[in-house]
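We will go from stop to stop, with a word on what to select at each one.

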Amino acid sequence: MLIKNIKSNDELGNAISYLKSSFSWSNKKANKLKTNIISNNKNFGIYGYVIMNNNSNLIGAILFFYNEYLNNSNKKIKVLNISSWYVSKEARGMYSLLMIKRILEDHSEFLITNVSANKKAYQIFKALNFKDSNIFNKKYRILDFVLSKRLIDNRNLKLFLNSKLHCNQEVPFKISHKKFSCRLFYLGNNQLKILSCNTILEKNIGFLKIRIRGLRILWTSDPEIFSQNSYRILLFYFLRNFAFFITTHCESFQTKIKPFSITNQIYYSSDDHKNTNMAVWSELPFI
């Protein structure tokens with residue numbers, strides 16, 4: 001078997017067709033992913049890796065998104081965020097490990113992240129010395145908010161009708177894409193900026209493919225203020241965006257609202273990135 005990187009648009013198209021069939025994606029989702037990864041990685045030149053068998057058939061594919069940012073010491077951090085990954089049964093086990101090991105070897109100077117690994121993938125990454133972040137993905141459902149006694153608090157209505165809420169605010173760091181919106185909240189004497197992006201969750205029910213509206217919160221300017229006002233803020237986003245679920249991918253310390261699910265964010269680096277907000281530099285704004 002051969003493990004090779006994906007460099008051309010045709011090779012990427014073949015990899016996405018394989019992943020589309022493996023994950024039962026819709027054409028719309030597959031096309032959106034292809035367009036976004038080409039746009040984002042065009043200057044990097046690599047879209048991911050594939051496994052080919054002796055008959056040159058594709059039996060494994062993994063995609064990633066490239067980004068870079070300046071840390072607090074003004075050092076450029078190159079980020080490789082692992083996205084969609086599937087390996088056919090005949091190549092699972094050793095070749096799954098070799099595929100990830102190849103990425104680690106080829107990009108040893110990068111911060112390599114995964115913010116959306118399922119349980120099996122998480123175990124593989126951990127076996128290859130990926131580290132847990134202190135930041136988690138927390139998913140909330142709209143029913144847990146509209147059925148809460150806190151819904152009748154008049155401060156919720158005031159926030160929703162606040163004319164001082166402004167979108168398209170500047171953020172205190174540079175990023176090459178504009179796949180999110182930045183909103184400024186006025187909360188008492190405090191101001192809070194939030195980066196968010198819309199998302200769609202696809203569910204297969206028999207022959208039907210259901211598309212469920214959701215929203216991701218990727219970053220906040222002040223985690224403490226966000227945590228203190230999280231119910232009102234999330235309720236605002238639920239109603240304003242007609243979302244059925246919201247996932248927070250940033251620091252959040254509130255405990256009164258129980259998330260529907262919690263998953264890990266993990267990374268591979270010789271440096272400590274446990275408190276690095278990896279969501280902004282990931283595939284999450286694109287999918």
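**A charge above a ring**

Start by selecting Lys139 and Phe245: the charged end of Lys139 sits over the ring of Phe245, 5.0 Å from its centre. Here "over a ring" requires NZ of Lys or CZ of Arg within 6 Å of the ring centre and within 35 degrees of the ring normal.

Before moving on, note that this is a predicted model, where local features need pLDDT of at least 70 and side-chain atom pairs count only at pLDDT 80 or more, while totals for chains, interfaces and linings use all residues. Residues are numbered from 1 along each chain as its sequence is written, and side-chain values use heavy atoms, with hydrogens and water left out.

**Aromatic pairs**

How many aromatic pairs does a search of the whole structure find? There are 19, counting rings of Phe, Tyr and Trp (its six-membered ring) with centres within 6.5 Å; planes under 30 degrees apart are stacked, over 60 edge-to-face, and the rest tilted.

Select Phe145 and Tyr231. Their ring centres are 5.2 Å apart and their planes are at 15 degrees, so this pair is stacked. Phe145 belongs to helix α5 (residues 143-146) and Tyr231 to helix α8 (residues 230-240), so the pair ties together parts that are 86 residues apart in sequence. Helices (H or I, at least four residues) and strands (E, at least two) are DSSP runs, numbered from the N terminus. Phe145 and Tyr231 are both buried, with buried meaning under 20% relative accessible area, exposed over 50%, and partly exposed in between (1.4 Å probe, protein chains only).

Next, pick Phe236 and Tyr237. With centres 5.6 Å apart and planes at 80 degrees, the rings form an edge-to-face pair, and both residues are buried.

For a group, select Phe44, Tyr49, Phe64, Tyr66 and Phe110, which form one aromatic cluster.

**Cysteines**

Now select Cys197 and Cys250. The closest cysteine sulfur to that of Cys197 is in Cys250, 11 Å away and too far for a bond. Cys197 is buried, at 3% relative accessible area. The disulfide count comes to zero, where a disulfide is a pair of cysteine sulfur atoms within 2.5 Å.

**Two loop residues**

Most residues other than glycine have a negative phi. Select Asn129, in the loop between α4 (119-127) and β6 (131-141): its phi is positive, near 70 degrees, and Asn129 is exposed, at 57%.

Finish at Phe242, in the loop between α8 and β10 (245-248). Its phi is also positive, near 50 degrees, and Phe242 is exposed, with a relative accessible area of 64%.
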